[in-house]
Amino acid sequence: MATSNAPALPIVSDTSSSSKTLAEQVAVLLGTLGAARQEGMTIIALRSLAFSNIQALERVPPSLPGLFRSSADQDEDKTALFGIKGCYPIFSSRPGMTAIAIPQPWTDVCSSLKSDGRGSAKVICIVGGKNLGKSTLARVLTNSLLNTYPEVAFLDCDVGQTELTPTGFTSLHILRNPLLGPPFTHLQHPFRSFYVGASSPKHDPDYYLACICRLYDAWQAEAAVGADGRERPLIINTHGWIKGMGFDLLVHFLKHVRPASIVQMSVPQFTQGSAAKNMPHDFAAVVSGMCEQTVSVTEIPGRDDTGSRLRYSAADHRNLGLLAYFHQARFDPSAPVDSSSPRTPWWTFDEKLPGRLPYTVPWKAVRLKFLNGEVPSSQTLYALNATLVALVYDRTRYAPPPQYTEAEESNIPDDSPHRDLRIVPSQLPLIPADHNCVGLGIIRGIDPSTRTFHVLTPVAEQDLQCVNMIVRAGGVETPPWMLCAGYEHSRAHIPYTTRMASEGMGSLARRKRHNLLRRKGTRQG
C-alpha cells in the first residue's frame, strides 16, 4: 500500500466499446500508459461485476440484509479507492468485516508444490479438522497453480461445505479461472458429480466412499491430461470429519488415491480444541502403511475460520448456495469471465421460483429412487411433492416393469395414483460407475390425472435430455423461503406450508441424542 509520500499512481480507464473482452480492455489500458510503464511495475486491473446482479441476492432472504455492503459503507463513496465506486481501502479493523490473511507457511507450501516437478500428474490432498481453512487453502492453491497450468482439476469431498456446487454433492471440476469470492458466487457445472443428499457422509458412508473414489478414477482416466496434452494437477479438498468413522473413510480414500503430496492442517498441541481438530499423531505412518509407500505429508498451521462465519451460520451458507443455484440466468459457469457479451446478468432474482414455468415430466419417463430410507409406495407422491430432488442420468439396466395380461390390466383402477410410477427398491444401491448427477430440481407439483411431475430447475435443456431418474434424499430439505418467495406478507394460505411448529405424523425429523448415559445397573425393588 502506497504511503502519503509515495508518488501518485497513474489511473487510466478504457472509454471504448464495452463489448470488448477483459483481455482486450487490459491491452488498451496498457497502451495508454506509454512512457509511464516501468520494469517491475505492478498493474492492477479492476472491473465491476455489478452487471452479474449477484448483489440483488441480499434482498431475497429477509434474514441476510447487507450481504455485500455494510451500513458503514453507505456514505463512503468519497473515500473509494481511485474514485472507483464500491472499492474501499481498509486500513483498520471494522465490525462485521474480516480480512483474509494468508499465513506465510501457506504461501511457502503453494510455492513448493507448484515448483515440485514429478513425472506423473500432481495429486495434492488437503486434510484436517473442521474450521481450519481447508477450503481457503484449496482456493489459494488452485489460483497459484493456474499461474503455471492452463487447467486445474478440483475434487470436492466436503458434502457439507461444498465449494463449487450446492450442498450434498461430491464433484469433480475442471477449472480455468481463479476462484474469487465466497462459494455461492462461483458455482460451476461439474465434469462429474454424485448426489449424496446430506451434509455429512455418516448416513451412507459406503456410498459416499464409492462416490469419491469413482470421481478420482474419472479424473485419472478422462481428465488427467488436457486437450493441449498438458497435465492437469488434481487438488482434493477432504471433509473435516477426522474422528472415528470419518478417519476410516479418509484413510481408505487416501489408500485408493495414493496422493503424491498431503497437506495436513493443524493447530498447536495442548491448545483449546486441539484434540478435536488435529489428526492422530501417527497419521503419516498410517497413511504410508495403507498406501504401501512413503507419502509426503506437510504439516502447516490452520487458520480459525469460525470468526469469518460468525455473521452467517453454516445453514445460511447452504441456503445461499441453493438460492444462487436456482436463480442462475445462465447454466454455463465454465464460460470465461471475459465473455464478449459481459452485460448479460448471471443471476435473476426478480422472478420468484413459485412464478416460474416448470418442466412437465411424465411418470413413465423417469425412475424414482429414495436415498437413506424406505418409503411406502402409498406415500411416494407425498414424499416427493414440493421437495428438492437430484436429476440423474443412470445407465443401470434394471429389470423391465411387469407385463400384465388384459384380465389383470382390467383389475387395476384407471385412477390408481401409483400405476405408472417406476420406483427403484431401496435394496438396489446406486452404482457410481453407472450414473451421473446433472443438477438439482424442485418438484413444485404433481398431477395424478395426467401422471406428470412439474419440475423447476436451472439445468440447461440439452443436459435434461439424458435425465432418466429422480433421486430424493432426506438430508437436504427445501428451504421454506423458496416456497414462500413473493408471498412473505400474504395472509392467504400458501401451499405446502403451515404456521404450526409441526403438523402431522412424520413432520419432524428424528434426531439422535448422544448426550444421554445408559444406566449401569437396574434399580432393585
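Cys 125 counts as buried in this predicted model, because its relative accessibility is 0%, a value under the 20% cut-off. Cys 125 takes part in no disulfide, and the nearest cysteine sulfur, that of Cys 157, lies 7.0 Å away.

**Cysteines**
- With a cut-off of 2.5 Å between cysteine sulfur atoms, the count of disulfides in the model comes to zero.
- Cys 110 has a relative accessibility of 5% and therefore counts as buried.

**Helix 5 and helix 7**
- Helix 5, spanning residues 245–257, packs with helix 7, spanning residues 283–291, at an angle of about 45 degrees, and their axes are 8 Å apart.
- The two helices, helix 5 and helix 7, are therefore oblique to each other, and helix 5 passes helix 7 in a right-handed crossing.
- From helix 5, the residues Phe 247, Leu 250, Val 251, His 252, Leu 254 and Lys 255 meet Phe 283, Val 286, Val 287, Met 290 and Cys 291 of helix 7.
- The residues of this contact between helix 5 and helix 7 comprise nine nonpolar, one polar and one charged.

**Ala 324**
- Ala 324 is placed in helix 8, which covers residues 314–326, and counts as buried because its relative accessibility is 0%.
- Leaving aside residues up to four places away in sequence, Ala 324 touches Leu 57, Phe 184, Leu 187 and Trp 347.

Terms used. Residues are numbered from 1 along each chain as its sequence is written. This is a predicted model: local features need pLDDT of at least 70, side-chain atom pairs count only at pLDDT 80 or more; totals for chains, interfaces and linings use all residues. Side-chain values use heavy atoms; hydrogens and water are left out. Helices (H or I, at least four residues) and strands (E, at least two) are DSSP runs, numbered from the N terminus. Buried means under 20% relative accessible area, exposed over 50%, partly exposed in between (1.4 Å probe, protein chains only). Contact means heavy atoms within 4.5 Å. Axes are lines fitted to C-alpha atoms, for helices over the stretch in contact, and angles run from 0 to 180 degrees between N-to-C directions. Angles under 35 degrees count as roughly parallel, over 145 as roughly antiparallel, 65 to 115 as roughly perpendicular and the rest as oblique. A crossing is left-handed if the near helix is turned anticlockwise from the far one by less than a right angle, and right-handed if clockwise. Ala, Val, Leu, Ile, Met, Phe, Trp, Tyr, Cys and Pro count as nonpolar, Asp, Glu, Lys and Arg as charged, and the others, Gly among them, as polar.
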